[in-house]
Amino acid sequence: MNKETKITYVNNISVEDYNALRKSVNWINVTEKRAAIALKNSFYLCVAVCDNKPVGMARIVSDGGYTYFITDVIVHPDYQGHHIGTELIRRELDYIQKDVVAGETVMVSLMAAYHRESFYEKFGFHTRPFGNHGPGMSMWVSRDVTGNPMTF
Ligand SMILES: CC(C)(COP(=O)(O)OP(=O)(O)OC[C@H]1O[C@@H](n2cnc3c(N)ncnc32)[C@H](O)[C@@H]1OP(=O)(O)O)[C@@H](O)C(=O)NCCC(=O)NCCS
């Protein structure tokens, strides 16, 4: 990527491009059916595009009332370090801020990948644990190819 490379921002991505972006950062593949549901039900989706190809994305899932969760924050390795991630998070937070009117408070959270905390702290996120907030928790619920349930 050079200084002349033009990045535009759109609000859609195909299932194939979504999984290609995930693969580029070594994240697990999401089945076609689940990826389509996930993308369709995004509260807000922002995708960075270069030469008609998605090179970054971030999305919000939300109940639309109090809870907003930023997820799938990805910039393709060939495009990292050029502030595309910053622009994606800026647009996500801008969208939430416009949704909140005087006198309202909402919770915005995310699960930072290991050692990515400083990237998000610049926007005002607190690294947990802090105060009476414990560390975040998560797990995968899965079935192996024979249908046996697994969590990891
Ligand atoms: C994390 C990620 C989205 C950042 O995107 P990016 O476009 O490369 O980031 P930017 O160029 O906007 O960087 C913004 C700032 O964060 C810093 N930063 C970028 N990646 C960082 C990292 N991995 N750890 C700490 N700081 C980081 C940059 O140094 C930069 O600082 P500056 O403004 O002082 O120059 C990208 O590296 C990525 O997709 N990583 C793999 C997937 C991943 O971990 N996603 C996040 C899951 S929570």
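The following legends describe close-up views of a predicted model.

View 1. R59 belongs to strand β3, which spans residues 53–62. Is R59 buried or exposed? R59 counts as buried because its relative accessibility is 7%, and the cut-off for buried is under 20%. The side chain of R59 forms a polar contact of 2.9 Å with the side chain of S42. Leaving aside residues up to four places away in sequence, R59 also touches residues including Y18, A38, L39, Y44 and L45. Further contacts of R59 include F69, I70, T71, D72 and E92.

**View 2. Helix α1 and what covers it.** Helix α1 comprises residues 15–24. Which residues of this helix are buried? They are V15, D17, Y18, N19, L21 and R22. Among the elements that cover these buried residues are α2 (32–40), β3 and β4. One of the buried residues of α1, Y18, is in contact with R59, a residue of strand β3. After α1 comes N26, which has a positive phi, near 65 degrees.

View 3. The ligand sits in the largest pocket. Elements giving two or more residues to the shell around the ligand are β4 (67–75), α3 (84–99) and α4 (117–121). There are 21 residues around the ligand, and V73, V75, H83, G85 and T86 come nearest.

View 4. Which residues place a polar backbone atom 2.7 Å or 2.8 Å from an oxygen atom of the ligand? For V75, the distance between a polar backbone atom and a ligand oxygen atom is 2.7 Å. For G81, the corresponding distance is 2.8 Å. A polar backbone atom of I84 lies 3.5 Å from an oxygen atom of the ligand. On its own, the ligand has 900 Å² of accessible area, of which the protein covers 75%.

**View 5. Val73 in strand β4.** V73 is part of strand β4 and is one of the residues that come nearest to the ligand. With a relative accessibility of 17%, V73 counts as buried. Which residues does V73 touch, not counting those up to four places away in sequence? The contacts of V73 are W27, M57, A58, I89 and Y120. N132 is 59 residues from V73 along the chain, and the C-alpha atoms of these two residues are separated by 27 Å.

Technical notes: Residues numbered from 1 in each chain as written. Predicted model: local features only at pLDDT ≥ 70, side-chain atom pairs only at ≥ 80, totals over all residues. Heavy atoms only, no water. Helix = DSSP H or I, 4+ residues; strand = E, 2+ residues; numbered from the N terminus. Buried < 20%, exposed > 50% of the residue type's maximum accessible area, 1.4 Å probe, protein only. Polar contact = N/O pair within 3.5 Å; in protein donor to acceptor, adjacent residues only side chain to side chain. Contact = heavy atoms within 4.5 Å. Near = heavy atom within 4 Å. Areas by Shrake-Rupley, 256 points an atom, 1.4 Å probe, with all protein chains shown as cover. 1 Å grid on protein atoms, 1.4 Å probe; cavity = no way out; pocket = protein on both sides within 12 Å on 5 of 7 lines; lining within 4 Å. Sits in = over half its atoms within 2 Å of the grid points.
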